Amino acid sequence: MKARLLHRDQDADLRQPLPWNAEALVKDLGLDTLFHAMARSDEFVLNVARRAVLSGVDNDGETIRYRQGILQDCLNHPAVIRDLYAVAVEGAEHENKHYFGSTLMRYPNWVLRRSIELSEAFLGTIKKLRKIADLHADQFVSEGWTAFFATLLEELDDEYLACAHDHVEQLKFRNGTLLGSGLGKGNKGAHYVLLRQREQRRRRWLARLFARRPSVPGFSLDPRDESGARALAELRDRGIGAVANALAQSADHMRGFFGMLRTELAFYVGCVNLHERLARKGEPICFPLPAATDERLLSFRGLYDVGLTLSMDRRVVGNAANADRQDLVIVTGANQGGKSTFLRSIGLAQLMMQCGMFVPADSFRSSVCDGLFTHYKREEDAGMKSGKLDEELGRISDIVDHITPHSMILFNESFAATNEREGSEIARQILSALSDRRVKVVCVTHLYELAHDLYQRNNGNVLFLRAERQAGGGRTFQLAEGEPLQTSFGEDLYDSIFGAGSNRRGTAD
């Protein structure tokens, strides 16, 4: 039995290695804030959320829509999802409660004992799943949930559970173990098999006392005959070995089912946790529209940085833009005007969309990309083995080694470690090469020479956005289409720190 809540036709594989640039994505996009909001102190949910978001769905819009339908049901019935997750956790943890150790697992009798205990525990947990399905299956409408509940109700019906319980009871051999064998070389026993005993009706003690003794020859062991007891135990182990292994495989199958169910439900529990956090703040969410890679779409309304709003008490400002069929988006404007926040919001939304989540926006449409990459300015530190420009060029070289057509890359104040002219020329050549390879690029830059040159040469494939600045120097934290300006209004920051009208030259000295 399969859960199939993350993929329509296969199990989820969240044990695969993370993307090579996972650490950079987490740092540049502030993903840890998102992961902890999803986890709500559940370490297992934290690990699943991290892997699911960073791994995405490998350029598969159908899987994204499949998960969106399942997630919509989860958001409509959060209590049911948490009940299912609690049952899945219980089932996945049975293994730890019934562990005998690797040494004892070499003996069929211990394998059988462990498997019986596990099977009884799993059957009890399956009954809890069935109860939830009986009560709530008709409330879920998505393809994934409909198939999941139908499987529970059809394959794990009352007849199956009763039959499974009877088999487990018989394997306890309360009336002893009936074995059959043949004769091998030297008249030694061979080909031991377990025989099914006839079901005996329970008789009153008086009837058992005066019942006729069986005519089959037999013998009894003295309680102190340890050698005889060991010999009989070895014979029994030979007979029950096959059935012990079969029951162990059945128990392992149930363990695998609950382990996978826990993993897949953990992703949706994390989404429900995040949704509740955002709903309490009144922040909007939407289910994005994933488009094919070759459509080159990127447009949104009310898009905001989910990590920023999770770390603040008040709501944050959203942005709108239409970069459909644009190769390059250049973002310029006032310092502290929301450019980096805007860039993060695009990266976060793209990752959330590609793993099947909702997106923090009023609306969001984007082509599924082959990979997401970030190239952010790094502060100089003791770990650097070369200058900042060399370090930046080294990182872009690594990205180029992994990037593919129809990927997306986010630049944040890159190549500012050198002078304006050299940095602009380096950036211009890199951006041109990426555009030729059909890589979607969003670039925040203070290099006016770069931005102005691209604006002059624009043939309609570049969108220019500018962070707004009010007349008095205030910031709206919104971006609008506009020509790059030669200033980033750094004096506004100076005045906010030292006060307007200060002697700038004297203070700087």
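Biologist: Hi! Which residues does Ala-480 touch, not counting residues up to four places away in sequence?
Modeller: Leaving those sequence neighbours out, Ala-480 touches Phe-464, Leu-465, Arg-466 and Glu-468. Contact here means heavy atoms within 4.5 Å. This is a predicted model, where local features need pLDDT of at least 70 and side-chain atom pairs count only at pLDDT 80 or more, while totals for chains, interfaces and linings use all residues. Residues are numbered from 1 along each chain as its sequence is written, and side-chain values use heavy atoms, with hydrogens and water left out.

Biologist: Thanks! Where does Ala-480 sit?
Modeller: Ala-480 belongs to strand β12, residues 475-481. Helices (H or I, at least four residues) and strands (E, at least two) are DSSP runs, numbered from the N terminus.

Biologist: What about its C-alpha distance to Glu-468?
Modeller: The C-alpha atoms of Ala-480 and Glu-468 are separated by 7.0 Å, and the two residues are 12 residues apart along the chain.

Biologist: New topic: is Leu-348 buried or exposed?
Modeller: Leu-348 is buried, with a relative accessible area of 2%. You'll find Leu-348 in helix α13, residues 339-354.

Biologist: What does Leu-348 touch?
Modeller: With residues up to four places away in sequence not counted, Leu-348 touches Leu-29, Leu-31, Leu-34, Asp-305, Val-306 and Gly-307. For Leu-31, the C-alpha atom is 7.8 Å from that of Leu-348, although the two are 317 residues apart along the chain.

Biologist: How do helices α1 and α2 pack?
Modeller: Helix α1 (residues 22-29) and helix α2 (residues 31-39) pack at about 90°, with their axes 6 Å apart. That makes α1 roughly perpendicular to α2. Axes are lines fitted to C-alpha atoms, for helices over the stretch in contact, and angles run from 0 to 180 degrees between N-to-C directions. Under 35 degrees counts as roughly parallel, over 145 as roughly antiparallel, 65 to 115 as roughly perpendicular, and the rest as oblique.

Biologist: Which residues meet there?
Modeller: From α1, Leu-25, Val-26 and Leu-29 meet Leu-31, Asp-32 and Phe-35 of α2.

Biologist: Now rings: how many aromatic pairs are there?
Modeller: The structure holds 13 aromatic pairs. Rings of Phe, Tyr and Trp (its six-membered ring) pair if their centres lie within 6.5 Å; planes under 30 degrees apart count as stacked, over 60 as edge-to-face and the rest as tilted. One of the pairs, Phe-267 with Tyr-268, is edge-to-face, at 5.0 Å centre to centre and 75° between the planes. Both Phe-267 and Tyr-268 are buried.

Biologist: Why is the Phe-300 and Phe-364 pair stacked?
Modeller: Phe-300 and Phe-364 have ring centres 6.1 Å apart and planes at 15°, so the pair counts as stacked. The pair links distant parts of the chain: Phe-300 is in strand β4 (residues 298-303) and Phe-364 in strand β7 (residues 363-367), 64 residues apart. Both Phe-300 and Phe-364 are buried.

Biologist: Which residue lies over the face of Phe-44?
Modeller: That's Arg-262, at 4.0 Å from the ring centre of Phe-44. Arg-67 lies over the face of Phe-267, at 5.9 Å from the ring centre. A charge sits over a ring if NZ of Lys or CZ of Arg is within 6 Å of the ring centre and within 35 degrees of the ring normal.

Technical notes. Buried means under 20% relative accessible area, exposed over 50%, partly exposed in between (1.4 Å probe, protein chains only).
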